[in-house]
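Please open the structure in your viewer and keep the selection tool at hand. The stops below say what to pick next and what is to be found there.

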Amino acid sequence: MARIAGVDIPKNKQVWVSLQYIYGIGPSLSQKILADTGVNPVTKVSDLTEDEVNRLREVIDRQYNVEGELRKENN
C-alpha cells in the first residue's frame, strides 16, 4: 500500500479514487493533483512507480491542507 499524508490508500483501486480516501480530497481535487503531477488517473495504485508516489506525496504535503491539519482547522 502507498502511504500518502499518513493514510494507506487502497492499492487495488485507480489512483483518482484512492486519493479520495484522504480527508479533504474529493473527486475534483484528486483530478487536479493528478494533472499537476502528471500521473495517469486510471493507473492502479499497485502499478505506480516510487517516483510517482513521491511526486503525489510532495504536491499534497506542500499545497493542500489534508487530514490532521484540516481536521484541526475545521474544529
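Select Asp-36 and Lys-32, which form a salt bridge whose closest N and O atoms are 3.3 Å apart; the term is used for a side-chain nitrogen of Lys or Arg within 4 Å of a carboxyl oxygen of Asp or Glu. Because Asp-36 and Lys-32 are four residues apart in helix H2 (residues 27–37), they are separated by about one helical turn. Helices here are DSSP runs of H or I with at least four residues, strands are runs of E with at least two, and both are numbered from the N terminus. Asp-36 is partly exposed, with a relative accessible area of 43%, and Lys-32 is also partly exposed, at 43%. In these terms, buried means under 20% relative accessible area, exposed means over 50%, and partly exposed lies in between, with a 1.4 Å probe and protein chains only.

The model you are looking at is predicted, and local features need a pLDDT of at least 70, side-chain atom pairs count only at pLDDT 80 or more, while totals for chains, interfaces and linings use all residues. Residues are numbered from 1 along each chain as its sequence is written, and side-chain values use heavy atoms, with hydrogens and water left out.

How many salt bridges does the structure hold? There are three, and the next to select is the pair Asp-51 and Arg-55, whose side chains meet at 3.8 Å, N to O. Both residues lie in helix H3, four residues apart, about one turn of the helix. Asp-51 counts as partly exposed at 48% relative accessibility, and Arg-55 is partly exposed with a relative accessible area of 29%.

Now move to Arg-3 and Asp-8, which form a salt bridge with their closest N and O atoms 3.1 Å apart. Arg-3 is partly exposed, with a relative accessible area of 45%, and Asp-8 counts as partly exposed at 39%. Side chains of opposite charge can pair when their charged atoms come close.

Next, select Ala-5, which lies in the loop between strand S1 (2–4) and strand S2 (7–9). The phi of Ala-5 is near 55 degrees, a positive value in a residue other than glycine. Most residues other than glycine have a negative phi.

Then pick Ser-18, found in helix H1 (residues 15–18). Is Ser-18 buried or exposed? At 0% relative accessibility, Ser-18 counts as buried. The side chain of Ser-18 reaches the backbone oxygen of Pro-10 at 2.9 Å.

For the last stop, select Glu-58, Asp-61, Glu-69 and Glu-73, which gather in a patch of negative charge on the surface. Helix H3 (50–63) and helix H4 (67–74) are the elements that give two or more residues to this patch. A patch is made of residues with over 30% relative accessible area and no salt bridge, like charges being joined within 9 Å and nonpolar side chains (Val, Leu, Ile, Met, Phe, Trp, Tyr) within 5 Å. Glu-58, placed in helix H3, counts as partly exposed at 41% relative accessibility.

Definitions and conventions. Accessible areas come from the Shrake-Rupley method with a 1.4 Å probe; for residues, only the protein chains shown count as cover. Lys and Arg count as positive and Asp and Glu as negative; His and the chain ends are not counted. The place of a charge is taken as NZ of Lys, CZ of Arg, CG of Asp or CD of Glu. A polar contact is a pair of N or O atoms within 3.5 Å; within protein, one must be able to donate a hydrogen and the other to accept it, and residues adjacent in sequence count only if both atoms are side-chain atoms.
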